[in-house]
Amino acid sequence: THTGDLLKCLIQGLFNMSQKDNVLQAKGEETAAAGGTVTLGCLYNTSGDNHYLYWYKQDGHKSLKFILSRFRIGEGKTEAGGRFSSTLDSSIRSVPLKIQKLQLSDSAVYYCALHEI
């Protein structure tokens, strides 16, 4: 694969609510070929039962862009496009982001966020 055909997804933890409510993302880069699939992990801890998990994308110095949300109960919302998906598994406190049919424009920093109601 040519270097120009590779994209990088940098994942970082952000939006910690407290010592008990937080998200954990592996720090570093995920590299994959354009047209492929990548899954970015996100584990979370929360003391409550009614929580929302969000994924955001930041391209360079631009503002965060909402990708999708997942609720403990229910599906949540997903931006149009259909290439981004996630399933919240409360038994292992995981909400990975799967990006399919990767494009060079997917190269960005991805943030997982937790909100407890």
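**View 1. Cys-42 and Cys-112 form a disulfide in this predicted model.** At 2% relative accessibility, Cys-42 counts as buried (under 20% relative accessible area, with exposed being over 50% and partly exposed in between, for a 1.4 Å probe and protein chains only). The structure holds 1 disulfide. The link of Cys-42 and Cys-112 is left-handed, with -75° about the S-S bond. Cys-42 lies in the loop between S4 and strand S5 (43-45) and Cys-112 in strand S10, so the pair ties together parts that are 70 residues apart in sequence. Strands here are DSSP runs (E, at least two residues), numbered from the N terminus, as are helices (H or I, at least four residues).

A word on reading these views: residues are numbered from 1 along each chain as its sequence is written. In this predicted model, local features need pLDDT of at least 70 and side-chain atom pairs count only at pLDDT 80 or more, while totals for chains, interfaces and linings use all residues; side-chain values use heavy atoms, with hydrogens and water left out.

View 2. Look for Leu-53, whose bridge partner in S10 is Leu-114.

**View 3. The largest nonpolar core has 20 residues.** Such a core is a set of buried Ala, Val, Leu, Ile, Met, Phe, Trp, Tyr and Cys residues joined through side-chain atoms within 4.5 Å. Those with the most contacts inside this one are Leu-53, Trp-55, Val-95, Leu-97, Ile-99 and Tyr-110. Two or more residues each come from strand S4 (38-40), S6, S7, strand S9 (97-99) and S10, and S10 gives the most, with 4 residues. Zoom in on Ile-99 to find contacts (heavy atoms within 4.5 Å) that include Val-38, Leu-40, Phe-84 and Tyr-110, not counting residues up to four places away in sequence.

**View 4. Ala-32 lies in strand S3 (residues 28-33).** Ala-32 is buried, with a relative accessible area of 15%. Ala-32 and Leu-102 are 70 residues apart in sequence and 8.0 Å apart in space, C-alpha to C-alpha.

Note on methods
Two strands pair if DSSP finds at least two bridges between them. A disulfide is a pair of cysteine sulfur atoms within 2.5 Å.
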